[in-house]
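Here are my notes for you to read with the model open beside them. Take the points one at a time and find each residue as you go.

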Amino acid sequence: MKKIAGIILVVLSPFLVYAQHQYSRQDSLLGKLTDKRTCYDVKHYELSLRINPDTKEIKGSNTITYESINDFNICQIDLDSSLVINTIKQGRKQLKFKRDKRAVFIDFDKVQKKGSINAITVFYEGKPIVAKKAPWDGGFVWSQDKNKQPWIGVACQNVGASIWYPCKDHWTDKPDSVTLHYEVPKNLMAVGNGKLIGSKKTQKGYKRYSWQTSYPINNYNVTLNIGDYSIITDEYTSQDLAKLALDYYVLKGNEAKALKHFEQVKPMLTCYELIFDKYPFWRDGYALVETPYLGMEHQGAIAYGNRYQKGYMGRDLTQTGIGLLFDFIIIHETGHEYWGNSVTADDKAEMWIHEAFCTYGEALYVECLYGKEKSFTYTNGWKNIVENDMPILAPREVNAEGSGDMYFKGALMLHTIRNVINDDVLWFALIKKFYQEFKGKHSQTKDVIAFFNTNTKIDLTGIFEEYLKYTEIPTFQYKIENNALFYRFEAKAHNLEMPVEVTYQGQKKRLKTTTKWQKDDSIKSSDIQIATDLFYILTQKL
């Protein structure tokens, strides 16, 4: 009975695995857009921090400039409880506040009038969370280079930016720009997002570096890198002859190998420009920053820790050999400048929009440089990595994210849709149009489905649902009865409908397949070849 009940529940709820998780009040405070968060829109952060590598402490302030969307006198910002708030001020006025773990509720004496622009400054200090396995868990990384110099970074996509600075920690509200002032020991350099707008020595052996972006930026993309860096400068010329500044911040002693290894940046930028568009954050420039952890898509200051190797830490994840033709971290994290940093999901639950399109972008990069055959081989190599453990889509408003299958299974879904459409000219036009229409915006899964349905004039809803909402992938079942081929999909999404290409007696044929049994009288033997390289499906001969 338990087994039967379990099967029934899986059919009724693709989120069964998530339902078993008990979400806390803290999950809701971080994930839900309550009226205490929607009442204001962040315009600018000015973050000023002194970082002490010896004590592993930070101290400073963040000035949050915002526009009131509604009248309010209580709002929520976020800051991890490991950090102490000394005071919150609006001008000279000290404000009252209450803390509920990471959520901070600020009480204003005066109503913040709708349409007005105001600012608060949060003064805080403490020892931020230390990452155990960055970038996957998130937090500060306090390390040393081979010369025993401090080498420090931070990654916080999964856990949220409020683990190290006060902000409105929700993906829907990107500040229009940020200004970053980092004070570090004078023998070190601090690298942030955007452009370096100044540096100067301060008291007690410290030096301040000031950085500024000119584009909206996700909270988790705001970054801090500290090290004994050398700077390598270069320039990329776009198709319209515009010039993009390239800056590489590498540890001293790594200049020569970095200069050689980073030669792959320009061909990559050319491919992405042809496939998607010009680099999204042109005015701020493109930078790679050597970090003590593997990598992260920090906007305009990509964390690079792959140790000048091709592949993923020297390995080919696809086991095809093609993954060793390029540095995975450079190609993948740069792809996130488009998918995630420019095209952004409105809730962590929909993070597949970042990861699936970015990962699929790797295959398009391979196709651009090495051809379609190698691209398809590389793509099919992902099948060995997919776990089918949990749905890719997670529940919204509880600060949850879906399965890691959002990378490779999500990309295989896009590969499948490409071959459903079966028109490469249209497909590449669609990918470019999708990026153009969604860049700089927040989106949901329903928006993605609507775009592709509208622009292909094909109802792809069932395909998206099958791969995103359920753990199982569809199985193409077939058999011969009464001298004819019978076939169908065994699938969780009952509205699944897509073609399957088969070869019979040397002839290719596309079978329009649904979850209901269908018949083809022209195929009289089950001795068929099924194009599983074009579609991410299983097959079962009955």
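1. Let's start with Glu501, which is buried at a relative accessible area of 13%; buried means under 20% relative accessible area, exposed over 50%, and partly exposed in between, using a 1.4 Å probe and protein chains only. Its partner in a salt bridge is Arg510, at 3.4 Å from N to O. A salt bridge here is a side-chain nitrogen of Lys or Arg within 4 Å of a carboxyl oxygen of Asp or Glu. Arg510 counts as partly exposed, with 28% relative accessibility.

2. A word on where this comes from: the model is predicted, so local features need pLDDT of at least 70 and side-chain atom pairs count only at pLDDT 80 or more, while totals for chains, interfaces and linings use all residues. Residues are numbered from 1 along each chain as its sequence is written, and side-chain values use heavy atoms, with hydrogens and water left out.

3. How many salt bridges does a search of the whole structure find? The count is 28. Side chains of opposite charge can pair when their charged atoms come close. For a case with several partners, look at Asp41, Lys43, Glu67 and Asp176, which are linked in a network of salt bridges.

4. Next, pick out Asp234 and Lys266, whose side chains form a salt bridge at 3.2 Å, N to O. Asp234 sits in strand S16 (residues 229-237) and Lys266 in helix H6 (residues 265-275), so the pair ties together parts that are 32 residues apart in sequence. Helices (H or I, at least four residues) and strands (E, at least two) are DSSP runs, numbered from the N terminus. Asp234 is partly exposed, with a relative accessible area of 35%, and Lys266 is partly exposed too, at 31%.

5. Are Glu367 and Arg418 buried or exposed? Both are buried. They form a salt bridge, with their closest N and O atoms 2.9 Å apart. This pair links distant parts of the chain: Glu367 belongs to helix H8 (residues 352-370) and Arg418 to helix H10 (residues 408-421), 51 residues apart.

6. Now compare that with Asp405, found in the loop between H9 and H10. Asp405 is buried yet has no salt bridge, and the nearest side chain of opposite charge, Lys409, is 4.9 Å away. For charge, Lys and Arg count as positive and Asp and Glu as negative, with His and the chain ends not counted. Leaving aside residues up to four places away in sequence, Asp405 touches Val386, Glu387, Asn388, Asp389, Ile392 and Gly410; contact means heavy atoms within 4.5 Å.

7. Helix H9 (residues 372-381) deserves a look as well. Its buried residues include Ser375, Phe376 and Tyr378, along with Thr379, Asn380 and Gly381. Which helices do the buried residues of H9 pack against? They pack against H7 (328-338), H8 and H10.

8. On a 1 Å grid over the protein atoms alone, a cavity is a set of points where a 1.4 Å probe fits but cannot get out, and a pocket is an open set with protein on both sides within 12 Å along at least five of seven lines; lining residues have an atom within 4 Å of a point. Grid points are joined across faces, edges and corners, and a volume is the space filled by probe spheres set on the points. The structure holds 2 cavities of 30 Å³ or more.

9. The largest cavity has a volume of about 170 Å³. It is lined by 17 residues, and those closest to its centre are Asp169, His170, Trp171, Lys348 and Asn399. The second largest cavity, at about 40 Å³, has Tyr312, Phe328 and Tyr378 among its lining residues.

10. Finally, the largest pocket holds about 830 Å³ of space. Of its 33 lining residues, the closest to the centre are Trp136, Tyr312, Gly404, Tyr407 and Phe408. Strand S19 (295-296) and H7 are the elements that give two or more residues to this lining, and H7 supplies the largest share, 5 residues. The second largest pocket has a volume of about 400 Å³.
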